Amino acid sequence: MTTLIWSIASILVLGGLIYKRASLTLFTLVAAAALAIGSGLGIVGTLAWILFAIIAIPFNVASLRKSLLTKPALKAFRSVMPEMSQTEKDAIEAGTTWWDADLFSGAPDWKKMHQLPMPRLSAEEQAFLDGPVEEVSRMVNAFRVSHQDADLTPEVWQYLKDKKFFAMIIKKKYGGLEFSPYAQSQVLQKLAGVDSVLASTVGVPNSLGPGELLQHYGTEEQKDHYLPRLAVGQEVPCFALTSPEAGSDAGAIPDYGIVCKGEWEGKEVVGMRLTWNKRYITLAPVATVLGLAFKLRDPDGLMGDQEDIGITCALVPTDIDGVVIGRRHFPLNTMFQNGPTQGNDVFVPLDFIIGGPKMAGKGWRMLVECLSVGRGITLPSNSAGGIKTAAAATGSYSRIRRQFKTPIGKMEGIEEPMARIGGNAYLMEAVNAMTTTALGLGEKPSVISAIVKMHLTDRMQKCVIDAMDIHGGKGVCLGPNNYLGRGYQGAPIAITVEGANILTRSLVIYGQGAIRCHPYVLKEMEAAFDKDAGRSLENFDNAVWGHVGFVFSNLVRSIWFGLTGARFSSAPYSDVTKRYYQHMNRFSANLALLSDLAMAMLGGSLKRKERTSARLGDLLSQLYLTSATLKRYQDDGRQTDDIPLMQWAVEDSLYKLQTSLVELLENFPAFGGLLKFLMFPLGLPMKRTSDKLDHQVAKILQTPCAARDRLIAGQWLEAHENNPVGRQEQTLRNILAAEPLFDKVCKAAGTKLPFWKLHEVAEKGLELGVLTADEAQLLRDAETGRLETINVDDFDPEELKANPVEVEPTKPVQAA
């Protein structure tokens, strides 16, 4: 019995030290003390002390550890880890890590997360949302844009320029608005609820493009020339990156420039002859200045000794001879300006390189860093804004539309998809708020930007499908009163652009996250490739043994959390959210442990195991989405009415995380079954959202209340002639107010009338003397709105014919 008690006590104490990530010295001293106690009890003999000394001395004596252990480990590491290309280095080193690194640590600090500032709008930013954003929303008729004009009207274009919509990122000293990332997100969300063409047109110049690149890397002359002109719309920018042969693999672009001498404005200068063939370039058909990414070569050594200089970014005015723009792509009936551009042997001076000649070859680093900012705002904001408006519209429609004498929103089959829309609307706003907080603090979180782009566009697409299913024919029949159809058609565009979602999930999120967010891997790689032998060994020694301790800590934490359901782990609150934080502690430890095991077993081949990489990325992604949701609940004042929305979003994300984790373990290179048993000895903790929770969320969407107001806050919901969603919101209020009046008339008439022809019910109520004139008018207004809600648009056959134009097929671009 004494031996058993000593053994259990030793395991618990030493395991607790590993759990708490105690130092090697402290662990060794406590282990020695445990052996000493064992010796005193007659349990531990000489052999145990000898074994302890053989292990403890080399690890604790630095010189021995480095020569006997670290040096061979460094040699082995170098043999299995191929040296990275410059492109890979630039991608990994670009940007910063933020809360993603905490989630990767296996022990997130929740107090640190909740101490992050709550994003707020300045008075100027709020005034812009209440003024110009509202006004341009009134000016846009989404059906006319997509079905008739195939563009925003000239008046809208001019208003956007006059009010500096294209200058939200440009500093005030250059004439811009200099809005915070959060303000940019709020503007785009509101515009996305009006029309995706409007939101895309505004979003792109404020995202990855000449304005962003100029402010970070441009010469003073370039900034002084271009930024004031961009601010007032005198220049319309686009950025040309994607080529037919290089889409998501942007590092493989075939477009090139050759350094040479040529004539420019009557003088011989050193410049570049550029040849390119780009496609999918938003704003290219109307652009006046083209941001261009290409590979620069200097065969004659006019810039130095390096012939292959690398990816470079330049600004090219589109009115130069040889620049081809103007034609348009036709992306799924979504009429934002998007098209190809080509150039063949176009000569420009070296000064056209963004940042001047000294920035030649640094284009990839520039793009990756700036993309982490723009990708974190534009598409996630557009997705969130579209779904917030869809949540309002679907909720109102489901409460107004009746089948089988009851509002369809009360049917359980409708509640399920409606809950997905409401829960995701809550989550997506939360994710935008937290991500723009990071950007506002000066972070460039490339991993988080990839996460939010991929997952918010993915959730947006699924929510639009749910909304379409609920609306049925109302969503299918296009027309001025259809607020879903074009968004449904265009949803795959967001999935495809700025890094296709398949590639982002399979390669980018975890490919960058495993190295950037891990506390030791990047340090090990940097040490291994350091040319200074002494420094390399020293840094590798610090990193690799810290890494070993990290692995054991996460192993102990994963086992302990599995046995206890993580019930004893820390959480910042003891309310309904407590278990969510504890589950996240558990999953964070699982992510850290499985990452190390996957990297150890697969080594450099992990990046080719895309499904393994994708599932590991899912763990990190869903942890971030859940974190943002809990942060929003805190920032909103922990509103009791919002609990169903928060719970749905958290439970859905954690269930998705668990699903990916189980799939990962079932397909793990080795020991998957054992790991699954160690991590889930008591079964899987997360379940799908319950029917009861779905009902609560669906009810919020259909009922004007404070929780619903917070959910759809910031969207344009005015009952305007160009806003069918706003008019439907008014009808919802009218219908709810009319129902008790309807019941009053039925009671007085002694019969249960069908809930239609409310104008006739109004007349009957007046005859029976149970309605006032104002109450009767309310019933008439409710009927007018009800019919507008349930009816669909129809057209004269001639109206649906396309304008007769001679279609000229796209001609293949000749090889240079």
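**Entry 1: salt bridges**

I began with charged side chains and counted 35 salt bridges. I keep in mind that this is a predicted model.

I looked up Asp-541 and found its side chain in a salt bridge with Arg-65, at 2.8 Å from N to O. This pair links distant parts of the chain. Asp-541 belongs to helix 23, residues 533-564. Arg-65 belongs to helix 4, residues 62-80.

The cut-off I needed for both is under 20%.

Next I took Lys-172, which forms a salt bridge with Glu-124. Their closest N and O atoms are 2.9 Å apart. Lys-172 is in the loop between helix 10 and helix 11, while Glu-124 is in helix 8. They are 48 residues apart, and I noted the pair as a link between distant parts of the chain. Lys-172 is partly exposed, at 46% relative accessibility. Glu-124 is partly exposed as well, with a relative accessible area of 39%.

I placed Glu-788 in helix 32 (residues 773-790) and Arg-727 in helix 30. The two are 61 residues apart. Arg-727 is at 16%, so it counts as buried.

I also wrote down a network of salt bridges. It links Glu-134, Glu-135, Arg-138, Lys-190 and Glu-718.

**Entry 2: aromatic rings**

I turned to the rings and counted 17 aromatic pairs. Why is the pair of Phe-128 and Phe-165 called tilted? Its planes stand at 50°, so the pair is tilted. Planes under 30 degrees apart would count as stacked, and over 60 as edge-to-face. The two ring centres are 4.8 Å apart.

I then located both rings. Phe-128 lies in helix 8, residues 123-139. Phe-165 lies in the loop between helix 10 (154-162) and helix 11 (181-194). The pair links distant parts of the chain, 37 residues apart. Both Phe-128 and Phe-165 are buried.

Phe-742 and Phe-755 gave me an edge-to-face pair. I read 4.9 Å centre to centre and 70° between the planes. Phe-742 sits in helix 30 (residues 724-749), and Phe-755 sits in the loop between helix 30 and helix 31 (758-768). The pair therefore ties together parts that are 13 residues apart in sequence. Phe-742 is buried at 3% relative accessibility. Phe-755 is buried at 10%.

I checked Phe-755 again and found Arg-402 over the face of its ring, 4.0 Å from the ring centre. A charge also sits over Tyr-426: the charged end of Arg-632 lies 4.2 Å from the centre of that ring.

**Entry 3: helix 25**

I picked Leu-619, which has its place in helix 25, residues 610-635. With a relative accessible area of 1%, Leu-619 is buried. What does Leu-619 touch, leaving aside its neighbours within four places in sequence? I listed Leu-591, Leu-657, Ser-660, Leu-661 and Leu-664. I also looked up Leu-24, which is 595 residues from Leu-619 along the chain. Their C-alpha atoms are separated by 30 Å.

Thr-612 lies in helix 25 too. Its relative accessibility is 11%, so I marked Thr-612 as buried. Not counting residues up to four places away in sequence, Thr-612 touches Leu-602, Leu-606 and Leu-664. Leu-664 is also in my contact list for Leu-619.

**Entry 4: a surface patch**

Last, I looked for nonpolar residues on the surface. Met-1, Leu-4, Ile-5, Ile-8 and Leu-12 form a nonpolar patch there. Together they have about 570 Å² of accessible area. I followed up on Ile-8, which lies in helix 1, residues 2-19. Ile-8 has 43% relative accessibility, so I recorded Ile-8 as partly exposed.

Definitions and conventions:
Residues are numbered from 1 along each chain as its sequence is written. This is a predicted model: local features need pLDDT of at least 70, side-chain atom pairs count only at pLDDT 80 or more; totals for chains, interfaces and linings use all residues. Side-chain values use heavy atoms; hydrogens and water are left out. Rings of Phe, Tyr and Trp (its six-membered ring) pair if their centres lie within 6.5 Å; planes under 30 degrees apart count as stacked, over 60 as edge-to-face and the rest as tilted. Helices (H or I, at least four residues) and strands (E, at least two) are DSSP runs, numbered from the N terminus. Buried means under 20% relative accessible area, exposed over 50%, partly exposed in between (1.4 Å probe, protein chains only). A charge sits over a ring if NZ of Lys or CZ of Arg is within 6 Å of the ring centre and within 35 degrees of the ring normal. Contact means heavy atoms within 4.5 Å. Patches are made of residues with over 30% relative accessible area and no salt bridge: like charges are joined within 9 Å, nonpolar side chains (Val, Leu, Ile, Met, Phe, Trp, Tyr) within 5 Å. Accessible areas come from the Shrake-Rupley method with a 1.4 Å probe; for residues, only the protein chains shown count as cover. A salt bridge is a side-chain nitrogen of Lys or Arg within 4 Å of a carboxyl oxygen of Asp or Glu.
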